[in-house]
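Please open the model in your viewer and keep the selection panel at hand. The stops below proceed from one selection to the next.

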Amino acid sequence: MAMARVPILVAVALMAASASCSAWDPTIRMVDDAVAPLIHALRPLLGSGGQLGSRGGVPCDSWRLGVEAYNVRDWKTVPANCEGYVGHYMLGNHFRRDFKVVIDQAIAYVDGLKLAGNGKDVWVFDIDETTLSNLPYYATHGFGARPYNATSFDAYVLEGSAPALPETKRLYYKLLKVGIKPVFITGRTEDKRAVTVGNLRSQGFSGWMNLTLKQHGFKGSAISYKSAERKKLQDAGYVIVGNIGDQWSDILGAPEGARTFKLPDPIYYIA
């Protein structure tokens, strides 16, 4: 079902980024610096997809499961008939519930850690769709069903307006509290450092140890890039106690870290 057939108001709203983040509602409008600009008012019409999951003969819910389980790989776009399904999943409660389950598990893991207390424990974060959400962009660009357009996406990134994913912020603050140093390793390129730093800070992230961006001209895969950067951390004497990302390429490749966490993302695939 093409999203053009669903009445959709693409109006930017604001959400409360509370500590618990359990009542994340993209239709709430608030002010002050404790707030992250969010998405808009499309509500799921049929649960997380409902009949949209099988319309046109495409089992979109099964396709999404295959993506998250790393059984469906090397795909370029969301299947055309699944655009509506993915849109409703991302903007409805289902995505938020799935995301929260991962973060809850990560925090439970942190609670059980026996830390050395020597300042060498680090946690690796991806940025896009892990720490900051680009859903305001993808909501107006087919929810991944259209081919990736680097020009328009980069223009969005350079606005520095991506909202924080509130559950990730909950984990981030937890790590700072227990003395684990956050480290960002992102596929964004070095020329976007200033806007990325500004966006992170505007969304309440601070106190990280490193922010690593990809150098222009890098030709390898995301797995080779990110694993090499993690190896540098390990070689410098740091212990990667955790590693979290929305792509399998964020967390695969030695050294992966003592524990990895894969967040839901059916919008795009990075090898």
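**A tour of the model**

Begin by selecting Cys60, which is buried, with a relative accessible area of 0%; buried means under 20% relative accessible area, exposed over 50%, and partly exposed in between, with a 1.4 Å probe and protein chains only. A disulfide joins Cys60 to Cys82, with an S to S distance of 2.1 Å; the term denotes a pair of cysteine sulfur atoms within 2.5 Å. A search of the whole structure finds 1 disulfide. The link of Cys60 and Cys82 is left-handed, with -90° about the S-S bond. Because Cys60 lies in helix α1 (residues 60-68) and Cys82 in the loop between α1 and α2 (83-91), the pair ties together parts that are 22 residues apart in sequence. Helices (H or I, at least four residues) and strands (E, at least two) are DSSP runs, numbered from the N terminus.

**Basis and confidence**

This is a predicted model, in which local features need pLDDT of at least 70 and side-chain atom pairs count only at pLDDT 80 or more, while totals for chains, interfaces and linings use all residues. Residues are numbered from 1 along each chain as its sequence is written, and side-chain values use heavy atoms, with hydrogens and water left out. Colour the chain by pLDDT, the predictor's confidence in each residue, from 0 to 100. The chain averages a pLDDT of 85, and 79% of the residues score at least 70. Next select residues 1-57, where the pLDDT is below 50; beyond near neighbours in sequence, this stretch has 113 contacts in the model, a contact being heavy atoms within 4.5 Å. Where pLDDT is low, the predicted coordinates should not be read in detail.

**Helix packing**

Select α2 together with helix α3 (residues 93-111): they pack at an angle of about 60°, with their axes 4 Å apart. Axes are lines fitted to C-alpha atoms, for helices over the stretch in contact, and angles run from 0 to 180 degrees between N-to-C directions. That angle makes α2 oblique to α3; angles under 35 degrees count as roughly parallel, over 145 as roughly antiparallel, 65 to 115 as roughly perpendicular and the rest as oblique. Show the side chains of Tyr89, Met90 and Leu91 in α2, which meet Asn93, His94, Phe95, Arg96 and Asp98 in α3.

On the α3 side, the contact includes Phe99, Ile103 and Ile107, and on the α6 side Arg170, Leu171 and Leu175 are among the residues involved. The residues of this contact divide into 8 nonpolar, 1 polar and 6 charged. Here Ala, Val, Leu, Ile, Met, Phe, Trp, Tyr, Cys and Pro count as nonpolar, Asp, Glu, Lys and Arg as charged, and the others, Gly among them, as polar.

**Backbone details**

Most residues other than glycine have a negative phi, and most peptide bonds are trans. Select Asp74, in the loop between α1 and α2: its phi is near 60°, a positive value. Asp74 is exposed, with a relative accessible area of 56%. Move to Glu129, in the loop between β3 (121-125) and α4 (135-138); its phi is near 70°, also positive. Is Glu129 buried or exposed? Glu129 is buried, with a relative accessible area of 9%.

Finish at Pro255, in the loop between α9 (248-251) and β7 (260-262). A cis peptide bond joins Ala254 and Pro255, with omega about -5°.
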